Amino acid sequence: MQFVVRQPDPRAQHRLLQAGTHPLLAQLFAARGVQDARELELDLPHLLPPTQLKGAQQAAVALADAIARGQRLLIVADYDCDGATACAVGLRGLRAMGAQVSYLVPNRFTTGYGLSPAVVDLALQHPAGRPDWIITVDNGIASVDGVAHARTHGVRVLVTDHHLPGPVLPAADVIVNPNQPGCDFPSKSIAGVGVMFYVLLALRSELRRRGVFDAAGQPRLDALLDLVALGTVADVVRLDANNRLLVAQGLKRIRAGRMQPGIAALLQVAGRVAARLGSADLGFALGPRVNAAGRLADMTVGIECLSTDDPARALQLAQQLDGLNRERRGIEDGIKAEALQMLDQLDAGAQTGTAAISLFAPHWHEGVIGIVAGRIKDREHRPTFVFAPAEDGTLRGSGRSIAGFHLRDALDLIAKREPGLLLRFGGHAMAAGCTLVADGFERFRAAFAQLAAEWLEPAMLQRRLEVDGPLPAQWLLPEMAALLGAQVWGQGFAAPLFSARVQVRQQRLIGERHLKSKVRLLDAEGVATDTLFDLVAWGRTEFLPDEARIAYRLENNTWQGVTQLQLVLEAVEG
């Protein structure tokens, strides 16, 4: 592990200071590419307008017409947290504007991802009645056959998605996707839930234009921003300025106690306090509980939790999600242990010495392979694919990548080099999925490793961790931890990590799974400070050396009403 110190743009840092930004925040923001204080404006008037999103106005007209005619709308969602929140946003927003709308979510294990012809057949037999319109959320841009099948049966299709399109777009009536050709929307990283939120903004504007609502009586779509924030963070999309605004507004509402019953229930089962909620809590506490439904069972549980207005029912569903998440963790831990053992046993020249890793076992659970791939990728710093058998006899794979290796582009090239190997694939640069023919694992493993060897230089395979350098002693305070915790951090806008050489004075295990130490910080001359700081390392049982260079983050620990600063260990250099 090598630490690399982020270098702020000095001119941007000066501009931020001149605008009144706290000196530490000015350094951190400038090191993350913020050039001007206007990029830090997180109030709703600074939201990018829906008029810039290609297809949003066309979608608004089509939906307004459908509402006026009393037509049935059916949302087809993805089975992850982004899809579930997008579905809940769509249900709540469309119903508030007078639509007849229901939903259908594909099953990971039977129908697979997206609007397939099989899902369309289910939609045609939906208990709420045959739909006039299918609205995809967080999927659909790759559903060429499914869209064609729907239109053959006289059902119109609105695709709302954010994934990268393939060479052929589906022949949908309307497509809203910032990554489709010809779309100039600046926030290419918006999540699926954000795209649906934008469609609702455009629809509300269209209904105002038609006189259905006036400004005073129109539905309050900002009430949906807690869901938008959750889906955006959980989907690990890059937090550009517009996404940070959406997340900040959602967090603001939650902290003020204004949230959907399902969000409140998830906070309760996760043991989180709304007033102190941070973006990391959305990603590591709430998101996994919603995702667990799609990984092990049916995302209907998650969608119902997020869309019900009954607090008691929301809590009941949140408790189900919490139970599923505990089950998911157990399955994941077992597969991860097997995967790491498999890596240790493999001949280094055959796999671990290569630039990419592919793993498969016939008894692994399809629902957790993406999480395991992420864990392996983090440990080995290699693009990683993990496969499990699907019910139809094919192999389903989930991949996670490192900087410099675009996973979806890699799958596209493998599909061209190995005709007939990949039945389906899709995703992003850093995360993607694919389906292989039943006997295709070894072919894929070899092709994936070969491509990584071509694309990745040895230096790119060195584990590097970006840090923000030493933190001046005067800022090692609970107030500073609170200030940092109040900001919106996430993918592409990393939470601050500080580096320091420390002298370890005491250390012990707590709960047999975590390390707790007392440390003194060393200055540039190696002189230890007088103050002893608590250092906690979650999930680490290996003791630290007497002296070490560490990367840490600030956190406040409140116990029995007393708040104290603690340093949270993220990595040890070397």
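The crossing of helices α13 and α14 is right-handed, a term used when the near helix is turned clockwise from the far one by less than a right angle. This is a predicted model, in which local features need pLDDT of at least 70 and side-chain atom pairs count only at pLDDT 80 or more, while totals for chains, interfaces and linings use all residues. Residues are numbered from 1 along each chain as its sequence is written, and side-chain values use heavy atoms, without hydrogens and water.

Helix α13 spans residues 311-345 and α14 residues 369-380; they pack at about 45 degrees, with axes 9 Å apart. Helices (H or I, at least four residues) and strands (E, at least two) are DSSP runs, numbered from the N terminus. Axes are lines fitted to C-alpha atoms, for helices over the stretch in contact, and angles run from 0 to 180 degrees between N-to-C directions.

Five strands form an open, parallel sheet in the order β3-β2-β4-β5-β6; two strands pair if DSSP finds at least two bridges between them. Strands β3 (100-104) and β6 (174-176) stand at the edges with a single partner each, so one side of each has no neighbour in the sheet. Strand β2 (residues 72-77) pairs with β3 over five bridges, and Val76 stands opposite Leu104 in β3.

Helix α5 (residues 117-124) lies across β2, β3 and β4 (133-137), at about 135 degrees to β3. Helix α7 (residues 192-209) touches β4, β5 (156-160) and β6, its direction making about 120 degrees with that of β5.

Conventions. Contact means heavy atoms within 4.5 Å.
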